[in-house]
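Please read them with the structure open.

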Amino acid sequence: MTGICSGRVAVVTGAGRGLGRAHALALAAEGAKVVVNDLGVGLDGAAESDGPARRVVDEIRALGGEAVAHGGDIATTDGAASLITTALEAFGRFDTLVNNAGFLRDRMLVNLDEDDWDAVMRVHLKGHFLPLKHAAAHWRAEAKSGRTPQARVVNTSSGAGLLGSVGQGNYSAAKAGIIGLTLVAAAEMGRYGVQINAIAPAARTRMTEHTFAETMAAPGEGGFDAMAPGNVSPLVVWLGSAASTGVTGRVFEVEGGRITVMEGWRPGPTADKGDRWSPAEAGEAALGLLAASESPQPVYGTR
């Protein structure tokens with residue numbers, strides 16, 4: 001198959017359904033050979049056994065593409081390391097990592113159990129860190145051997161990570177952490193030919209179709225389905241290809257036909273006394289600065 005990813009090998013985590021499946025299919029359609037990772041769990045992370053990764057592999061192969069399934073737990077060292085091993089053993093190289101795996105355990109903060117916090121942090125944040133760590137080690141070794149790669153990583157954050165989301169303290173914190181991880185990794189790995197970016201997608205998946213049922217509903221016949229997961233994948237494919245040369249350390253919000261470059265924390269209004277403030281002075285200065293600053297966007301779930 002030909003396309004902008006022809007000759008590349010891509011790994012997609014959580015690719016058995018939803019956004020991950022759409023990304024895997026889109027990468028394959030543009031010529032990539034794909035490692036389809038999925039642990040095969042339910043919406044809350046509980047074990048299932050219906051083999052979603054294998055079904056996506058079968059879809060790709062039926063369309064003339066090349067793919068293999070990977071059922072390891074990417075939030076473990078062995079599972080994450082075997083992602084890269086699988087790509088190298090199956091296809092002889094490894095070029096693109098799309099970190100997408102995740103699930104929800106939504107609760108208001110006062111009802112949020114420690115186990116639910118840990119589980120969501122594990123799959124989202126640790127499940128980004130470990131594959132990224134092992135991929136980066138492989139690409140650094142390649143660069144040091146004189147084979148500097150055109151490597152790409154696409155991480156998956158969320159509007160909840162950018163703005164917060166009521167009832168999703170664990171998920172929002174994990175997704176915000178992914179943005180921080182993206183920025184650091186992009187700065188560290190650029191010298192080795194690795195570009196690392198993040199997306200904050202809005203689409204209809206198992207994690208959103210009930211929580212935001214009205215927003216995520218499909219349109220009537222013939223209308224543009226703005227919430228279809230496949231709308232997010234073209235940007236992922238481009239970021240995962242050599243065509244995106246020079247783009248790294250950026251966060252893109254993607255929804256329907258809209259792509260937005262997100263601009264994160266940067267200095268706003270500032271006051272400098274040149275000496276220590278008293279509490280009253282600090283408060284007065286802070287109120288003045290807030291009055292001169294832009295109002296924050298509303299938190300998800302309060303609109």
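1. Overall. This is a predicted model. The chain has 303 residues, and 45% of them are buried. Its secondary structure comes to 9 helices and 8 strands. Take the contacts in the chain with a separation of 6 or more: residues 24 or more positions apart account for 70% of them.

2. Helices α4 and α6. Helix α4 covers residues 114-144, and helix α6 covers residues 169-189. They pack at an angle of about 15°, with their axes 8 Å apart. Angles under 35 degrees count as roughly parallel, so α4 and α6 are roughly parallel to each other. Their crossing is right-handed.

3. Who makes that contact. From α4 come Asp116, Trp117, Val120, Met121, His124, Leu125, His128, Phe129, Leu132, Ala136 and Arg140. From α6 come Gly169, Asn170, Tyr171, Ala173, Ala174, Lys175, Gly177, Ile178, Leu181, Ala185 and Met189. By class, the contact of α4 with α6 has 14 nonpolar, 5 polar and 3 charged residues.

4. Asp116. This residue lies in helix α4. Is Asp116 buried or exposed? Its relative accessible area is 9%. Buried means under 20%, so Asp116 is buried. Its side chain makes a polar contact with the side chain of Arg105, at 3.4 Å. Leaving aside residues up to four places away in sequence, Asp116 touches Arg105, Arg107 and Asn170. Asn170 is also one of the α6 residues in the contact with α4.

5. Glu188. Look in helix α6 for this one. Glu188 has 49% relative accessibility and counts as partly exposed. Exposed would need over 50%. The C-alpha atoms of Glu188 and Ala136 are separated by 9.6 Å. Along the chain, these two residues are 52 residues apart. Ala136 belongs to the α4 side of the contact with α6.

6. Helices α1 and α2. Which residues of α1 meet α2? They are Arg21, Ala24, Leu25 and Ala28, and they meet Val56, Glu59 and Ile60 in α2. Helix α1 spans residues 18-29, and helix α2 spans residues 52-62. The packing angle is about 25°, with the axes 10 Å apart. That makes α1 roughly parallel to α2. The crossing of this pair is right-handed. By class, the contact of α1 with α2 has 5 nonpolar, no polar and 2 charged residues.

Conventions:
Residues are numbered from 1 along each chain as its sequence is written. This is a predicted model: local features need pLDDT of at least 70, side-chain atom pairs count only at pLDDT 80 or more; totals for chains, interfaces and linings use all residues. Side-chain values use heavy atoms; hydrogens and water are left out. Axes are lines fitted to C-alpha atoms, for helices over the stretch in contact, and angles run from 0 to 180 degrees between N-to-C directions. Helices (H or I, at least four residues) and strands (E, at least two) are DSSP runs, numbered from the N terminus. Angles under 35 degrees count as roughly parallel, over 145 as roughly antiparallel, 65 to 115 as roughly perpendicular and the rest as oblique. A crossing is left-handed if the near helix is turned anticlockwise from the far one by less than a right angle, and right-handed if clockwise. Contact means heavy atoms within 4.5 Å. Ala, Val, Leu, Ile, Met, Phe, Trp, Tyr, Cys and Pro count as nonpolar, Asp, Glu, Lys and Arg as charged, and the others, Gly among them, as polar. Buried means under 20% relative accessible area, exposed over 50%, partly exposed in between (1.4 Å probe, protein chains only). A polar contact is a pair of N or O atoms within 3.5 Å; within protein, one must be able to donate a hydrogen and the other to accept it, and residues adjacent in sequence count only if both atoms are side-chain atoms.
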